[in-house]
Amino acid sequence: MIQLYIPLNFLGVIYREIKQSLTDLDRLFALIDREREVADAPGAVPLVLSGPPTVRFEHVRFGYDPERVVLFDVDFEIPAGRTVAVVGPSGSGKSTLARLLYRFYDVQGGAIRIDGCDIRQVTQASLRQAIGIVPQDTVLFNDTIAYNIAYGRPGASQAEVEAAARAAHIHDFIVSLPRGYETIVGERGLKLSGGEKQRVAIARTLLKNPPILIFDEATSALDSANERAIQAELAATARGKTTLVIAHRLSTVVDAHEILVMQRGRIVERGDHASLLRQGGHYAHMWALQQSGGAVKNESNEAPIDT
Ligand code: ATP
């Protein structure tokens with residue numbers, strides 16, 4: 001009994017960590033089904049998409065604890081194949097949007113629809129198959145780097161793994177290692193840097209090739225050359241996909257179809273980069289700070305909201 005209890009308990013801890021960091025370890029979910037807070041509706045149908053879909057957050061309200069609402073009436077649409085970026089101070093609710101889209105939790109008001117279909121009416125397996133996440137901090141398995149990339153699409157051939165690694169600009173690094181693609185990484189193997197881990201996550205996602213993408217930009221600073229390179233790789237990965245970017249740096253969002261500025265669970269400004277600059281509000285203030293070399297990140301934007 002004890003032996004059974006400890007691993008399940010341990011998996012529960014891991015699951016909570018994963019949910020928080022948006023890691024896409026679908027296989028782990030199968031093991032710990034009992035830990036799920038959401039379940040397939042009776043009669044849930046598979047989500048069938050013929051291309052990148054429209055994703056709509058319709059007057060979404062949500063609190064991890066129903067007593068404490070963290071998203072109030074959040075309403076926006078990501079048109080098919082376009083990118084919407086979310087910026088705002090730490091704790092404003094950005095990552096929660098991504099957790100709800102992946103259906104780690106159910107909304108408490110409103111709905112999230114993919115091509116008009118409420119995500120509570122589709123099977124979780126098909127929903128998660130349609131979404132690729134590049135998380136802030138990628139969890140690597142104690143296994144070979146090839147396995148860690150192929151995890152995006154079990155059964156992928158070595159040639160496919162290498163093609164994804166090339167596109168994510170991590171192939172050259174891998175072949176420079178003495179054991180190449182057979183190098184063991186993870187806690188008990190070679191430790192990868194933050195940028196290298198994000199590239200593994202990009203390669204995984206490229207291999208999975210889902211129609212919907214979520215990028216949760218790393219909060220930890222990468223050096224600026226690495227940051228620019230990762231941004232270029234993310235932009236290339238997002239091309240033609242319906243993409244939600246949780247941005248911690250404004251440089252990432254300039255080309256987004258729409259930028260949402262969140263504060264304390266509400267969208268307080270929205271528009272593209274140029275129109276937000278013209279509005280001269282929170283976004284313009286954050287941008288000016290960043291341009292002047294101030295440590296803008298999002299944390300510095302603690303201006304009161306006018307509601
Ligand atoms: P950051 O930029 O720091 O990642 P964020 O804007 O993504 O922040 P969220 O992670 O969405 O913020 O958090 C929104 C609010 O929900 C915060 O007040 C946070 O404390 C709370 N919160 C986040 N995760 C949980 C959780 N698992 N249980 C309870 N409250 C949570």
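Helices α8 and α9 run roughly parallel to each other, a description that covers angles under 35 degrees. The axes of α8, residues 194-208, and α9, residues 224-238, come within 11 Å and cross at roughly 10°, where an axis is a line fitted to C-alpha atoms over the stretch in contact and angles run from 0 to 180 degrees between N-to-C directions. Helices here (H or I, at least four residues) and strands (E, at least two) are DSSP runs, numbered from the N terminus. On the α8 side, the contact is made by Gly195, Gln198, Ile202, Thr205 and Leu206, and on the α9 side by Asn226, Ile230, Glu233, Leu234 and Thr237; two residues are in contact if their C-beta atoms, placed from the backbone, lie within 7 Å. By class, this contact has four nonpolar, five polar and one charged residues, with Ala, Val, Leu, Ile, Met, Phe, Trp, Tyr, Cys and Pro counted as nonpolar, Asp, Glu, Lys and Arg as charged, and the others, Gly among them, as polar.

This is a predicted model, in which local features need pLDDT of at least 70 and side-chain atom pairs count only at pLDDT 80 or more, while totals for chains, interfaces and linings use all residues. Residues are numbered from 1 along each chain as its sequence is written. The pLDDT, which is the predictor's confidence in each residue from 0 to 100, averages 84 over the chain, and 82% of the residues score at least 70. Over residues 30-35 the pLDDT is below 50, and this stretch has six contacts in the model beyond near neighbours in sequence. Where pLDDT is low, the predicted coordinates should not be read in detail.

Seen as a whole, the chain has 11 helices and 10 strands. Of its 307 residues, 37% are buried, meaning that 20 or more other C-beta atoms lie within 10 Å of a residue's own, whereas 12 or fewer make a residue exposed and numbers in between make it partly exposed, with C-beta atoms placed from the backbone.

The ligand is surrounded by 12 residues, the closest being Tyr64, Ser90, Lys94, Ser95 and Thr96; a residue counts as near if its C-beta atom, placed from the backbone, lies within 6 Å. Helix α3, residues 94-101, gives the most to this shell, with three residues, and the shell has two nonpolar, nine polar and one charged residues.

Finally, Arg128 is found in helix α4, residues 124-129. Arg128 is partly exposed because 18 other C-beta atoms lie within 10 Å.

Methods. Angles under 35 degrees count as roughly parallel, over 145 as roughly antiparallel, 65 to 115 as roughly perpendicular and the rest as oblique.
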